[in-house]
Amino acid sequence: MSGDVKQSRQDLTWQEKREIRFKKWLNPGIAFESAEAEKLYGERVTRFIKAIRLEEPDRVPVMLPVEYYPAYYAGGNLKKVMYDYEELRRAWLTFIREFDMDSFNAPSLVFPGKVLDMIDYKLHKWPGRGLPDNAPSQQFVEGEYMPASEYDALIQDPADYFQRYFLPRTAGAFQAFSKLGHLTPFVAIPASYLVAFGDPEVRIAYQKVLEAGQETLKWATAVAEISQASLSAGLPTVWGGMSGAPFDQIGDFLRGTQGVMMDMFQRPEKLHEAMERLVPIMIEEAVNGADASGCPIIFMPLHKGTGGFMSNRQFETFYWPTFRKVLIGLINEGLVPMPFAEGDYEPRLEIIKHLPRSSTIWFFEQMDMARAKQVVGADNCIAGNVPASVLCTAGPQDVKESCRRLIETCKPGGGYILTAAVHMDKGNPDNLRAMMEAAREYGVY
C-alpha cells in the first residue's frame, strides 16, 4: 500500500472506514455455489449490518450458538475432529448443508490435537489429554506463568518475553527457548545472539517447532476449506478476528486470577503499565485478523470483569480504562468490537454504555435484557441470551418461547441479535432450528 493511500485512509472517519469494511464483507470476492446462495449471503450480511447501525432489518438476525456441536451432530465427538482433519471437514460440511442459518464460523477453535501433543501444550486440557475421550469441550489450565518479579521484562519487550519466558513454561517443546538471547539485540555483529542456536537442545526445539508447523498447515488447510465452503453456500462469518481486555490477558495467561487480583493491591503501578503496553499489540492483532478474513466483527471474550470478581470502583480503575482503549482503537480502525460479557455484567451497564453510538455489539451471558436494552441498547447493538438451562435441557417449544420473550423485549427500534448465553455442544438439533423459527415468526420488522 502506498504512502498516499495510507494517508488517505487515515483521513477518513471511523464510520467511513467501517463502511469500506462493510462493503468488503458484503462482497467477499468468491464464487458462490448458486445465484440463490449469493442472494442469501447479501441478505444475511445486510441483516447484521443494519442491526449494528441500530436500523431495522427485515427481521432480527440470529447467531446460532454452535462451536463444537457439528462434531456431535455428524455422529462424532470433539476428540475425533481434533485429531482427524478429514472428519473435521465431513462434520462441518454436513452441518452447513443441513442447517438454515444467518451465519456460520469456521472451526478455528477446534484446535489440532496432534499439534498440541507435539509441542506438549500445557494451557489446555482436551479429550484424550487430561479429559475423558467423550468430553464435550476443552478446558483452560490457569496458572501463574509469570511471577510478579518479571513485570519489567514483560513491559520492556513483550515479544521477547513471550518467546523466552512464556512459551518455555507453557509448551514443553519450547523449553530450550529460555536459552536464547534477547529477541531484539541491537548490535553490529550478532554473534552473541546466534551462539545459542548452536546449542543441541535449541536445535532440537526448533526441529520440533518446524514439524509442528507442518502439521498445523494441514489443520489450517482444512479450516480454510470449511470457511470457503460456508461462504460459497451463502453463510457469512460473524467473527473476523479476536481480542479482549488487557486485564484478562494478564490475569488469564500470565499471573492467574489470584496473582492479578493481588497485584491490584500490591503493585498497581506495574499492572497498569503492563496493561497499557498490551493495548496497541491487541489492536494490531485484531486488525490483522479482520483484514485477512474480510469480516469486521471482533469477538472479545471477557473473563475477570464480571460482577463478583471486583467492585465497580475496581472495574473503573483497573479493567475498563485499558479495555476501553482497545475498544476505541478497534472502532477507529473501522472494526466492530463484539465483547462477550461472560458472567453477570448488570452492575457494569452504566459504565460500559459510554462508547460511540452504533459502534459495538454487546453480547451478554447473564443479563436482564430489558435493562440492557434500556441502558446499553439505546446507543449500541446488543446480543443474547437464551439460557443454557433452556437451550441444552429443554425442548424446542421452550426454546422458541424463550426466544419470543427476548425478541419482544429487545427487537423494538432495531439493534438486536438473537443468540444464546452459551454454545450448545451436545443436545437436540431441533432446539437450534427453533431459534431460527422464532426469529422468522416473531422477529420480522
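Start with the cysteines: the structure holds 0 disulfides, a disulfide being a pair of cysteine sulfur atoms within 2.5 Å. Select Cys-295, which is in no disulfide; the nearest cysteine sulfur, in Cys-381, lies 13 Å away. Cys-295 has 1% relative accessibility and therefore counts as buried (under 20% relative accessible area, with a 1.4 Å probe and protein chains only).

The model is predicted, and local features need pLDDT of at least 70, side-chain atom pairs pLDDT 80 or more, while totals for chains, interfaces and linings use all residues. Residues are numbered from 1 along each chain as its sequence is written, and side-chain values use heavy atoms, without hydrogens and water.

Cys-403 counts as buried, at 0% relative accessibility.

Now move to the helices (DSSP runs of H or I, at least four residues, numbered from the N terminus). Select residues 246-266, helix 12, and residues 312-332, helix 14: they pack at an angle of about 160°, with axes 13 Å apart. Axes are lines fitted to C-alpha atoms over the stretch in contact, and angles run from 0 to 180 degrees between N-to-C directions. The two helices, helix 12 and helix 14, are therefore roughly antiparallel (angles over 145 degrees).

From helix 12, pick Pro-246, Phe-247, Asp-248, Met-264 and Phe-265; their partners in helix 14 are Gln-314, Phe-318, Tyr-319, Thr-322, Phe-323 and Val-326.

Notes
Parallel < 35°, antiparallel > 145°, perpendicular 65-115°, else oblique. Contact = heavy atoms within 4.5 Å. Buried < 20%, exposed > 50% of the residue type's maximum accessible area, 1.4 Å probe, protein only.
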